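Biologist: I would like to go through this model and ask what each label rests on. Please set the values against the definitions.

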Amino acid sequence: MAIDPAASGAVLKRERVRDALLELIEARRPGDAVPSERALCARLGVSRPTVRAAVDELVVAGLLVREHGRGMFVAAEKITQELVAGRGALTVPQAKGVWTSRVLELRTLPAGARVGRRLRVSPAATIRYAARLRLVDGAPMAIEHLHLPAVLVPGLTEAELEQGDLYEHFRDRHGVRVAEAVQSVEPTVVTRAEADLLDVPELSPALLFERLTTDTAGRPVEYVRSVYRGDRYRIVSRLALAPSAPGADETHGGEGHHHPGFPPGDLTSRGPVSFSAHGVVQHD
């Protein structure tokens, strides 16, 4: 499948606009006003359709609200339901298929306020930003936006992002050993540019994964935002209602598979990955 440069460029431009809007939202309280689309166009140097598409996405996600004749406002905070299955780390069964990646963009840039807070670095600190298209058996499945502290992976290459296990590259080539990840999943819909890359209709249902990965020293080493096709995935939460039997395995690995939202490979070789509930992710 050939990547449409116009489609990938539109996705990347709107991702940057979305990040700027999220910084505005996080600097305000629920009910506070947000600058108009016209003002945002002037501030960010992008077209009105690009700003509107990003705003529409955040309205659908429940982060912004539009009030006719008044403008845009920060939405009320979401109610979070935490699913807890005991103190042991849970595992993520692997999805089938041959997973491959195609890099859409790889560059070095300042972290900015929002990503800097997540990675616990200064907004002026440099990060390695990568966008890649994930495919299963040659079919597009997800778009990933990765943010990595540049000091940890200064020589990260496109080959590492496209070939092999990314976490193994972290360990073997950069000396970074991942240990734990906190990941959230929300429903969303794809935009026109995302739809073109994922080969689905515009506004098709999708799953939005956000993950923060830390290493064995507790340092944030990776912040990832991924959009997965909703027509090919479903998540089933399996909760432990009683303590596990003594000696029960708390990790699960295998070759040639994929964990939802994670690079493919064997998590057991990287250390435990903890979740409050684990998702069984399947594609038809």
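Modeller: Start with S7 and strand S8 (residues 205-215), which pair in the antiparallel sense over 11 bridges. The model is predicted, so local features need pLDDT of at least 70 and side-chain atom pairs pLDDT 80 or more, while totals for chains, interfaces and linings use all residues. Residues are numbered from 1 along each chain as its sequence is written, and side-chain values use heavy atoms, without hydrogens or water.

Biologist: What makes S7 and S8 a pair?

Modeller: Two strands pair if DSSP finds at least two bridges between them. S7 and S8 have 11, so they pair. Across from Val189 stands Pro205 in S8.

Biologist: How do you know what is a strand or a helix?

Modeller: Both are DSSP runs numbered from the N terminus: helices are H or I with at least four residues, strands are E with at least two. By that rule the protein has seven helices and 11 strands.

Biologist: Which strands make up the open sheet of six, and in what order?

Modeller: The order is S4-S5-S6-S9-S8-S7, with antiparallel pairing. Strand S4 (99-110) and strand S7 (178-189) each have a single partner strand, so they stand at the edges and one side of each is left without a neighbour in the sheet. From one strand to the next, the twist averages 15°.

Biologist: Which helices touch this sheet, and how is their direction given?

Modeller: Angles run from 0 to 180 degrees between N-to-C directions, and axes are lines fitted to C-alpha atoms, for helices over the stretch in contact. Contact means heavy atoms within 4.5 Å. Helix H4 (residues 112-119) lies across S4, strand S5 (126-136), strand S6 (139-149), S8 and strand S9 (220-229), at about 115° to S9. Helix H6 (residues 166-174) packs on the sheet as well, touching S5, S6, S7, S8 and S9, and its direction makes about 165° with that of S9.

Biologist: Why is the pair of Tyr167 and Phe170 called tilted?

Modeller: Rings of Phe, Tyr and Trp (its six-membered ring) pair if their centres lie within 6.5 Å; planes under 30 degrees apart are stacked, over 60 edge-to-face, and the rest tilted. There are two aromatic pairs by this rule. For Tyr167 and Phe170 the centres are 5.7 Å apart and the planes stand at 45°, so the pair is tilted. Being three residues apart in helix H6, Tyr167 and Phe170 are separated by about one helical turn.

Biologist: Are Tyr167 and Phe170 buried or exposed?

Modeller: Buried means under 20% relative accessible area, exposed over 50%, and partly exposed in between (1.4 Å probe, protein chains only). Tyr167 is at 3%, so it counts as buried. Phe170, at 2%, therefore counts as buried too. Of the 284 residues of the protein, 48% count as buried.

Biologist: What makes a set of residues a nonpolar core?

Modeller: The members are buried Ala, Val, Leu, Ile, Met, Phe, Trp, Tyr and Cys residues joined through side-chain atoms within 4.5 Å. The largest such core has 24 residues, and Leu104, Ile127, Leu133 and Leu198 are among those with the most contacts inside it. S5 gives the most to this core, with five residues. A second, separate core of 16 residues includes Ile25, Cys41, Leu58 and Leu64.

Biologist: What joins the side chains of Arg225 and Glu57?

Modeller: A polar contact of 2.6 Å. That term needs a pair of N or O atoms within 3.5 Å; within protein, one must be able to donate a hydrogen and the other to accept it, and residues adjacent in sequence count only if both atoms are side-chain atoms. Arg225 lies in strand S9 and, at 1% relative accessibility, counts as buried. Leaving aside neighbours within four places in sequence, the residues in contact with Arg225 include Glu15, Arg18, His145 and Glu210.

Biologist: How exposed is Gly230?

Modeller: Gly230 has a relative accessible area of 22%, so it is partly exposed. Its place is in the loop between S9 and strand S10 (235-238). Not counting residues up to four places away in sequence, Gly230 touches Pro205, Ala206 and Leu207.

Biologist: Which are the edge strands of the three-stranded sheet?

Modeller: That open sheet has the order S1-S3-S2, with antiparallel pairing. Strand S1 (33-34) and strand S2 (64-67) are its edges, as each pairs on one side only. Two bridges join S1 to strand S3 (residues 71-74).
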